[in-house]
Structure formats: structure tokens, C-alpha cells
Amino acid sequence: MPEIKVTPLGAGQDVGRSCILVSIGGKNIMLDCGMHMGYNDDRRFPDFSYITQNGRLTDFLDCLIISHFHLDHCGALPYMSEMVGYDGPIYMTHPTKAICPILLEDFRKITVDKKGETNFFTSQMIKDCMKKVIPLNLHQTVQVDDELEIKAYYAGHVLGAAMVHIKVGSESVVYTGDYNMTPDRHLGAAWIDKCRPDILISESTYATTIRDSKRCRERDFLKKVHESIERGGKVLIPVFALGRAQELCILLETFWERMNLKAPIYFSTGLTEKANHYYKLFITWTNQKIRKTFVQRNMFEFKHIKAFDRSYADNPGPMVVFATPGMLHAGQSLQIFKKWAGNEKNMVIMPGYCVQGTIGHKILNGQRKLEMEGRATLDVKLQVEYMSFSAHADAKGIMQLIRMAEPRNMVLVHGEAVKMEFLKGKIEQEFSIDCYMPANGETVTVTTNPSVPVDISLNLLKREMALGGPLPDPKKPHDQILKLVSSEQALKELGLNEHQLRFTCRVQLQDPHSDPDTLHRIYTHLKSVLKGYTIQHLPDGTVMVESIVIKVSSSAEDPNTKVLLLSWSYQDEDLGSFLSTLLKKGLPSGLC
Amino acid sequence: MDADCVLLLPGVCQVLLDSGRSLPDDTTLEKLLDWLTGITEADKEGSLLEVHPCLLEFISFVVCKTSSDPSVISFTLKLCGLMGATEDGFKRLQESSVLDLAFSRQHWHEAGLWEDPCIRIGWIQGLRSMLLHSKALSFFVQADLTAQLLQLQTDTSLFVASAANQMLAHILLFFQPVMSAGCNTIGKKHWEDKRTQASIIGPGVTMDTSEDYDAVLAVTSKYLQESLVPKENTQFHQSLQTLKLLGLLLAQARPPLRDQLLQTAADPLEEVVTAGCSQLTLPLMDVVLAAYSSSTGEGVPDQHVARLLSSMLTMSKPADLIQAAAALLSRGHPDSVHAAQAVRILLLPLDLITGQALLGTNTAADKHRFSMVDQLKSKTSCISMICVCLTNTPQISLMPADLLPCPSASIVTAVLSLLRICSGDSSSSPAGCPEVFRNVISSGKVQKSALEALTGLSSSPGVKGMLIEVLAVLIEYLNHPDSDPIVLHKSYQAVVQWLSVCVDLSFTTDKLQQDLVEVVKKRVCDMRWEVRDSTVEFLGKLAGVLVSAKVAPDTSEVLLGGCCSASLLREALQDPESYVRASAISALAQTLAHSWQQGAAPTQQQTDIVSRLLEILSQDTEGFARRAVVQYFIAWFSSRSSSTSRSPSTSTCSTSPLLMNSVSTVLSLGSADLDWEVKVHTLELAELLLDEAFLGHRGYRKGSDTHLALPHPYAVVSDQTCTLHTHNRKRTEGMDSDLAIRLKTLVEQGVFSVLLSGLVDCDRPVSLKACQLLIKFRETVCPVSIEAPEETVAEVSCELPGWGWGQDISKTLGMTMSDQAKVADIAANGAHVFDSEDCKENVNKGGDSVCVRVCEVLRSLGLDAKLDILIQSSDHVHNSPLSLLQDILTAGAAHSHPDTQPGQEVIVDCY
């Protein structure tokens, strides 16, 4: 029985370094190629050596699909394409292709700051890698090769995020990447066809969480920022270049406008312009409200948010600053943090997850005395807040997506094992489908119900109709029922080789010419007789009429007696018989 | 171990015992193990268990209390193995009855944990770490773990299965007996090397070890014999894994072991070869080649192995055959007969498709011809086989002529024919296989492979004369309306490569040159930025190739289309895609390099380019383009310096005011840029100015100073800078007398300001580079070893702005000088202010600006201490073991006293 195999090399019962291998209908597809920011060595990248025998990924993989621009989904891409040497097709949506290099550059900068880093890619590698990317449009079926096709669906989560439907023959898999089932300030909700895939591979970050409404979190965020500003404090929001930073900017901009606040809001390193550019460029990927209001007012042209200069950090009075990088690893956000940490009126809001070792992680865990360079100690007196603004589907959202797509099996990835276990039980109970949660390196094998092609005689079909039995509808898949599919597809699915049945016949002919001349005469004769047929005189000494091959040899006894060998496939049976009869009559005189 | 860490370790063990789920993140345990492994390796003598009893308690507790988190148990098993790697540690673990339990599969099975792959991984890796001495081997054998390990070889987890294989190979190779007579010396040496590598193993092989070893070998051999041949379709996985194990073993096994393995595996291997299982071809070839090369190492190849290798090269399925032949070539050809055979097999698809008769007219020898033709008719296998064939052609063409069935030129012709067929033109292949043509027509995969092969074939012997033919096909590809960006990119690469090898452009024709120019003109306006970028990059590379090949300027201009190249690049400066703008700037630098080197006065066109570049530097929203601008000026400045050194007569032309004015602007814009790489490049430009000003002066050292930080592996190093550093310019006399003048010039040019602003930059690579340059500066103008600098030098002053970096520097100065009890000298704003004619005017205008003496600033900034900090990584404190232990403790405390508000739980989501 045909099988689909799913093997996570990353994101199997964990978050970080998403990289999932899917083998379907003889095709190998890699879904995402992320990095784990918690490691400084090769462990940050997926280990591809497990899946290739000769180290040549290009020979093994049919394509790589990147779901969105977050580094845990695309961070290892330049490593894979420029350092490991994968040279096959890479797919991602247009916005992801445009924004990916910015995030990769952002992270490269952090890496350069560290010491002892090895095996990291350069700017040129990022560019060379992006040049190989084939952009995807939503809902457009892309034919990777004759058998494999992919189709992208809107996933919400971040600008350009996509779910992808992968189809080989009648087998299919949907990979969600990260997705969000509720619209937010700038993006819409994920959506997919009722495509009934054999497997739905879904993220499960918030597998056990029913998240409070985003509005509540936003209100809370604004309240905290406002309070801090009111008491004359400064607010630092460490962010990555693009993504949730823009969402928070819209939020603050609207709030400032409404409350008529005067405290300055700054955004570091010129990213507002860049973000503005990308959001304008990909306005169709944002939510309906932004698209509607765009004509009157571009939500990303901020009145209150100004570019930051490092000297502003020392200005007296309240202010809000968005600064990179997001985990307070290094650079500007860390520099500002050091300046402001000593004042309890100030506040730092961490809008996302921070890996171990970063200052962001330490302060979120409640460390109040930080050892800095040169044995100096930094007293953290400022207020530390954590507010996750990441847009993932919660348990309710995941169930909603299952209802939408109606998969036959579920595979959970990108989440914690304990939480997945809970959701798995819930899914199996509610939908009566198998749900798997493979660990990294473990393979889930799902047997599919292949479509079996049947050639059926007209009589049999009529008899079946007379008995009132249902006739198979080729468009509608039925389990355990015979289906009509092409014979090529059937052979592939059944793993069988096609046998060619050929007929042969010998015809004797009197022609006092050399063998090549006789053949040429036959060619000329057939050309004149068979109008509209493909007739070729091939260099290997044969004449071909459609599938019929004609060869000439002389009889051993009499060189003027030619033996014509005709061979044809059963499809051309009629033409074959016609030709043998025709040639038996001999060649007309006057042929040259 | 650091004393602070010693204090924290018991607490950390306690946190891990309490609950693994409170760990900071999923990397914590691995990082903890890395640290403990490092300590174990560094301290070969002592046992960590003895010094830190908490570790033994921890291990015992976790092993007994199976309720811990699986990740903690897995960590504990690995730790247990690590601790047992020394005989002392092993003894302690055994005395505490920990080992039997820790490595009892039954124990974990009963606890319902064995199903978790992380437990199995921990189990294998723990054993792997421990098995470095005979006692551990005895334990392994007595506990009958070989069979269990063999079972894991076919585990559902790729990671477990692979680790089990590695582990089995480790045991058999690490403890393999030394060859008796003859090879004894080599064997002993190897064994000693192994011991030195492991360094923590106890006494060597004893009689007991030998018995234990034999026991492991016997079980493994039996397993190999039984599982090599797949009995049913479902057993492919087991055969595959067993082949991988055998491959690992044969690659390093020495005679006694190798012979035994071969004896055991010979018959099953032959059976596998005969069975012709496609899925097993590659690992099988690995095994056969490993066996073959290890046997040839002894002198005469084993006849049996040679036969196997021959069988592999006569397999019935063409796809398997191609794979086997490719594997043979890629792993180094063992002998000329097999190599020649592999070459024929690999060239066969190309021969058949294109009809180029690569294998000569006597094709009867290629008995696979017909089956190969049949396979080529299927699209999937055709593409896959032809790609393998193409990948290997460059290597084949470089092989000795007696191994090749045809000259390299014929291979090039065949690849060119294939490229033509791919683009729908089969006229050049009348003898080709028309039924196969449709499979390769428009196949991007084949086109890419063929173009790569063509690029690789450029260095083959005797192919230079084919340049015209090659260029014609490549230009056709560049012109083809359906070519995808990657195909175009690879076509450009091939053109550059062929032109760099065949620099004699008389090989080309006017028509070809004209066609190339036309196609470039077309592609530079392509809708796709990827194509525009590749085209612009191509122009730059082509200029680079022609300059480095010292082709006469007029020839290169013809090929580049005269001034067309520069004008196309100027157009590209306006490109909406920043990558293209950046490539255009770099390409312009390469294109103009020749005229810079000649020291010619800048033309109006060059002046326009400079204004445009300065505009980009000040206004472009993307860093790539701005980085390229600074690098452009670095290249220009370097060329000018090198041309001055070569030909002093041209120096007047080359020190054009245009360049010098631009450099000042670049310094001021670049140092205020938002992008860290622009700033680093600006500092490199400043370094060139320093080099020029001080070169030859006593105390000034060019390039990286040895006492300074070692270059960072990712530090941005300009090629041009490196080039300049290799020049030997001789300026010796009279340098001291005008030092003050030159110092003043540098201040006026803004070099000093660039260095100071860089020093207080928030990005470490910038401040590190600035600090290194400032120290160099200081050592030249006012070395610390000299009590006071010359008066004229000491008088030179500069202006510190009252904002931004100026403020930061003032603060630093204030702090340092107050430390030195020079408070009286310090003005209210923290800088050492004085009345100087040099910057009086500016100060009056600027209001907040202050004047400071350069030498005083250089001596008071505490540069050496700052450098010590900067050469550390930005995360050196927070990635330290102490930081890790503190994080574990803090996370543990937070977990046990949850006072966080609801909704405050930090969920690992995404980044």
C-alpha cells in the first residue's frame, strides 16, 4: 500500500529549528528550514546528514518550501543552499522572499557580535540564496514537476505567512507552518479549502491554551505603557526588525492619537521606512480594514513614531523606544537597556520569547542583578513586563482548522510534548482520526488509500447501471471504492512497470535497390499515401510512422528481395495492419 | 571548575531533581553537558564525582526515581556515561550500584519510559562516552548489551538508529586487537593514538578485554550475516542500517578485524549485489569501496572484494549502475580498470542522448546500452541519470587520458549538444535519441546541471579552442525568453569562467561580442530583480577577470561594449531593488579599477557617478547599497595609493580633489550611518587614510597589530585594505617633523571624529575596530612609553560635538580624568576644554561643542582596558557556565514560587 512518511528533523515535540521531511508518492519535500537561536554551533541548524546517503541534498529532495520569514522557519536556508549545497527549487510567498533577507541580516549581525562563531553565512550567501527562491502566489497551483504540485493558503501569523497543500497524484499533505485563526491589527485569519488531505501537519504552540482575546492583551499593553509614561518613565520595547513590531506601532500610534499624548515614540535603525515599504508593497496580504483604509490613510505612515538617534536615550522625560534586537542580545536595545535599567520609573516590555543566555531571558526570569562586562553589576530596577504578541492558533483555532480541511490524519509539530499529548487526545476523540506527535528523528508512516484505475468495458458499465449501482465519480474521492484515474498514475501508485505489447510482421518485397535506397523509397511512398501522419526517416536506418517501425534488410539468397520488418504497438494496430497490406502490394514505379 | 560554579552546582542538581520542566529552555541540558564534558576532558586525572559528590547523588537519585522528566533522565544517562569514562569514576558509579540500573533497558522499559526516543538516545550516548576502558567493556558484555544495541539499529527514530550504529562501530574499532607480526607497529601506533585521543582511558587491552571484545564481535558478526540480505520488502531498512554499520567498520578496521568482517560478510554481500535492490546501491557501494580500499592498502586487493566491485559495475538496472559508478569516482577511483569502466558507464547517457559517440564506435562493450535507452525514455529516471552523469563530467575530463574513451573536447561538445537539445534545438544531434529529447527539453534541472558541468569543464585539457562554440550556446541561453533566473545566473557564471580560462579574446568573433553586449543590454532591464542582479554582477566579474588577466584595455572594452558597460551600471544605480543597486556599485568599482590604476584624471562620467554614490550613501534606505558605496571608495583610494606607489609621476592626477573631497563626505556620512557594516567599512577607509598619513613613521604598524585582538572570524575585512597592506612604500626621512601637520590633516579630514564616534558605537564590531585604530593612532603620535608628546603634536586639537558620540566621549574623558584626580582641569561638561584657534570658530558656532587636545584624548580614553573588553564576545558573560547555572537556578526558583500573574507564562513560541 502506498505510504506517506513524515519525519521532523526539527520541531518534533519542540519549538525552534522547524524542518520537516515529507515523502509522498516517491517525492521528498522539505518543509521549512529553521535555525535554533539557543545554540552557537552547528546544533542550531538541522542535521541533513540523516536524510542523505551521499551528502547531495539536491539529488534527494524534490523541493523545499518555507512557510514564513521567522528565523525558526527560514534561518538555516542560506546554510542549506549555499553551504550544504542544496540546489533544487525553493518556494516561499512574495512577502516572505522580500522580508527573509532582512531578518537573516539582522541575525547575522548578532552572530558577528559573538566570538568563536563558526559556520555562519555571509551577506552574499543570503543574496545568492534568495535569488534561487521561486515566489508563490496565494491559491495558485504550482507544478514543481510532472507529478508534484503545491498550493499556498493564507496563514495570518505574520506578513506573507502561508500554509501549503502538497499533492502527488491523489495523495496530499497540508503543512500549516505557524498560523493564526483570528484576525489581528494588521493581518487576517488563516483559511484553507476543504481539501481533505491525507495528513494535516499542524503547529501546536498553544495546544492547551485558549488564549484570552487579543484585545485584552492590547489593552493591557497600552495601559502599562501609558502608566509608565504618565509617571515620567521611559519604555523600551526590544523587537526584531519586522513582524510584531509593526503591529505594536499601529497600536501605539492609534492610542497616542486618541489620547492626544505628546511623549515621543522612537523606532530604531530606520526600520519604520523599511516596514512601511513592505507593508505598502504587500497590502493585499494585510487584513481587510487596512486594505480599506489604505486609500484614505496608510496605517503604516506613522505620525507619532520618529526615527531614533542614540543621543535621545539621555533626553529627560518620558518616551517609548522600539529597538533591535528583540532578545536584548547586543546592539542598540541592550545599550538603551543598560542606560535605563537603574530607574524604577522605566519599563521594558518583552513582546516575545527569549532564548537562554540573553539578557531578555534573564530579566524575564526575574534576575535583578546582572553581571556585565568587566565584572560590573547592573542593578535592574526598571519594571519588566512580558506580553506575548505572537499570533498562533490556540487549541480552539487548531480544531477550527481541522474542521475546515477535514484531514484523514493529523501530525502535530512545533510545540511541547505534554501540551501536544493533551491536544492529540482531544483531536482523536472529537474527529475520530489518528493523531501523531513524532519526536525529532521519528517517522510517522500513514498508509493511504490509493485510487485504483480501472478500465471497464462498456457492457459491464451498462449492466452495472442497469442494476442501479453507483457509478464512480472521478472528481469525488471515495474510500474503499474503485476510482477512475489515469493509467500512468495507477502504475505509479501500484509501483508497477508498464509493459508494451508490440506486434511484428515480415513483408517481402521485390526492389532492385540498395537497402538504404529501398528504405528511402518506402519513406517517399508513405509520405505520399499517408497525409496527416507523422512519418520520420531516422538516422538509425528506420522509418517511423507514428509508433510503427519499419526496417529493411536484403534476403541472403536474392539481394533484390527485401525483407521488411514492421513492428507496432497495440494502440496503432489498425495502422499497422494497413501498412503491412499496403507494403505487400509493392512500391510504385517512378519513386526516387 | 570556577569557584562560583562549584558553589552553585549542588543547587542546580537540586533544581534538576525537582522538575526538569522548569528549565530555562530546551538547550539548557545540552549546554550543561557540554560544560561538564569540557571539564572532564581538561582534567584527565581527577574524577568529578569525587570532587563534587552532588553529581553522584544526583545521578543515583534520577536513576532510581524514574518519575523525573524524560529530558532530565536522558541527560543523567549521558552524564553517567561521561563520569564513567575514567576508571575511577566507573568504580565509584559501580560501588553506588548506579550503573546496572542506569543502563538497564528493562528498568526504563518497566517505567514506561523506553518508548521515549530521548531516553534511548541518552542510553546509547551514555554508553558511548563510557566505553573507553576495559572495565566498561566488561560491564557492557556482562550486561549483554550488544544484542540490545543491535536491536536499536533499526529504531523508528533516525537519531537513535544512527547513534546505535555509531556506538557499535566505536566498540569494535576502539577496542580492536593489534595485528601481530608484520603490522604490529602500525597497529600499536594507532592504538596508542586512540588512547591519546581518548586520554582518559585506563590501562590498555588486557586478556579480559580480548575475551569481551570477541564476545561483542561474535554477536555482531552473527547479526551482520543474518541481516545483510533483506528477506522481505519490509526488511530494507534493516539491511540498509547493517550496510551502514559495515561501511563504518570497514572504513577504519585494521587487518584482523577487517579480515574477519570480510569473511563474515562476503557471501551475504554477494547476495545483496546479485539481488540488485536499488535502495541499497549507495550504501552497498560504500561498503564495497571501503573493503576494497582497505584491502588495497595492504598491497594486493582482495580478489573477492575486487569481484564484488566488478559486479557492482555490471548491475542490471541502469539507474543503480550510474549511482554505483558515480560513487566509485567520488570516493576516489581504486584502480584504472574499474575507473575506466565507471567512466564509460557515466558517459553512456550523454552519449546516447546526444549521439556524440563519446564511447567510440565499438559500443558492443557497453552491454547496458539497450536497457539504458529504455530507462532514458522514462522522464524521471532520464533526468536523474543525466544529472548524475553531468555532475561527474568535470572530474572525468581531468582524469588521465588512458582512462578516457574520448578527448575532453568531445565531452564539452556533448554537453553543448545537450544544452541545445534542452532548449529545443536537436539539429546538432542527428545521431541522438529523439525519443529521449522530449524528456530533457525545457528541463530546468538538466539545464542547470549541464551549465554547471560546462563551467567545470572549462579547465579541462585541450578545450580552450572551443570558446566560440561555448559562448554561442551560452549567449543563446542568455537570450532565451524562457530561461529562468537560475539558468541565466549559471550561464553568466559559465561565460565568466570560460573567459577567465581562455583570456585570449582573439578566440572570439566580433559577432559573438556584439551578441553578448546585446543580450546583456536586454537582461539588465529584465523584469526580475534576480536576473538584473546576475547581469550586473556579471559585468563586474567580467571586468575583474579582464583586469586580472591584464587584457589590453581596448579588447576588454570591446567585450564589454565600450562605455556601454559603465552606462548600464549607472542606470542600475537607480534600480528599485537594493541588491541590484549594491551589485551595480561593486561592478562599477571593478569596471573603473583599470582607469584608477592608470591614475587617469576622473572623467565627467566618473564625477557624475561619484555624486550619485554620495547621494545613495546619504539617502538609500537599504544597507546593502550604502555598504557598497563605502567599499567603492575604499577600492578607489587603494588603487590610487597603489598606482602612486608604482608610478609617482601619476600621483598628481590620482590625488584628485574629487576623491579627497568625496572621502571626507564618505567618512562623515558613513560614521553616522545606521548600518553597522557601513560603519565598519567607513573605519576601514579611515584606516587607509591613517596608513597614508603615518606610513614610514616610527612606531606605526600597518595592518593588524599582533598585540591587538586576533581578527574576528566574521570581521569585515576589505580585500583592498589587505592589498594595500602588502605594499612596501618607502617614506622614511622627515616624517617626525611634519607629524603635527599630518595629524592636523587627519583631524580636518574627519578621521579622528570617525574613530571616536565608532568607539562609543553600540555595535561591537564597530567599536572594536575603532578601538584598535585609536590605539594604533596613539602609539604613533603619542605613545604611552613617552612621557609627553612633542609640543607641536600635543597642541593639535579637535572638536567634540555637544551631542551624541561627542557627549559619550566627553563623559568617558570626564570619568577617566577624574579618576586620575585631574578634576580641576575638567570643565563642567566633562571635557578638557581649552581655547584653541583650530576649533574656536566651530565652538562658537556650535554652542555645546568643545575643543580637546587629540593626544590627551588618546591617552585618557582608557583604550587598552576597553579593548580587553571588546575582544570578548558580546555574550561572553552571559554564555558562561556561571550564567547558565544562574539561569537554571532562577528558573527553578520561579517555578517553585510562582508569583507571576496569570497570562504571564513565557511560552516558547517563535522568533
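Which residue follows H10(B), and what is its phi? Here are some friendly notes on that and a few other places.

1. Ground rules. This is a predicted model, in which local features need pLDDT of at least 70 and side-chain atom pairs count only at pLDDT 80 or more, while totals for chains, interfaces and linings use all residues. Residues are numbered from 1 along each chain as its sequence is written, chains are lettered from A and ligands numbered from 1 in the order in which they are written, and side-chain values use heavy atoms, with hydrogens and water left out.

2. The end of H10(B). The residue after H10(B) is B:Asp144, and its phi is positive, near 55 degrees. The helix itself covers residues 134-142 of chain B, and its buried residues (under 20% relative accessible area, 1.4 Å probe, protein chains only) include B:Leu137, B:Phe139 and B:Phe140.

3. Chain B overall. Chain B has 47 helices and 2 strands, taken as DSSP runs (H or I, at least four residues, for helices; E, at least two, for strands) and numbered from the N terminus. Of its 911 residues, 56% count as buried. Contacts here are heavy atoms within 4.5 Å; among those in chain B between residues at least 6 apart in sequence, 73% join residues at least 24 apart.

4. H36(B) with H37(B). Helix H36 (residues 657-671) and helix H37 (residues 676-694) of chain B pack at about 140 degrees, their axes 9 Å apart. The two helices are therefore oblique to each other; angles under 35 degrees count as roughly parallel, over 145 as roughly antiparallel, 65 to 115 as roughly perpendicular and the rest as oblique. Among the residues making the contact are B:Met660, B:Val663 and B:Leu667 of H36(B), with B:Val678, B:Lys679 and B:Leu685 of H37(B).

5. H33(B) with H36(B). Helix H33 (residues 604-619) of chain B also packs on H36(B): the axes come within 10 Å and cross at roughly 10 degrees. H33(B) and H36(B) are therefore roughly parallel to each other. The contact includes B:Val610 and B:Leu614 of H33(B), and B:Val666 and B:Gly670 of H36(B). B:Val666 and B:Gly670 also take part in the contact with H37(B).

6. A lysine worth a look. Is A:Lys131 buried or exposed? A:Lys131, in helix H5 (residues 123-131) of chain A, is buried, with a relative accessible area of 7%. Leaving aside neighbours within four places in sequence, A:Lys131 is in contact with residues of chain B, including B:Trp529, B:Glu530, B:Asp533 and B:Glu537.

Key: Buried < 20%, exposed > 50% of the residue type's maximum accessible area, 1.4 Å probe, protein only. Axes fitted to C-alpha atoms, helices over the stretch in contact; angles between N-to-C directions.
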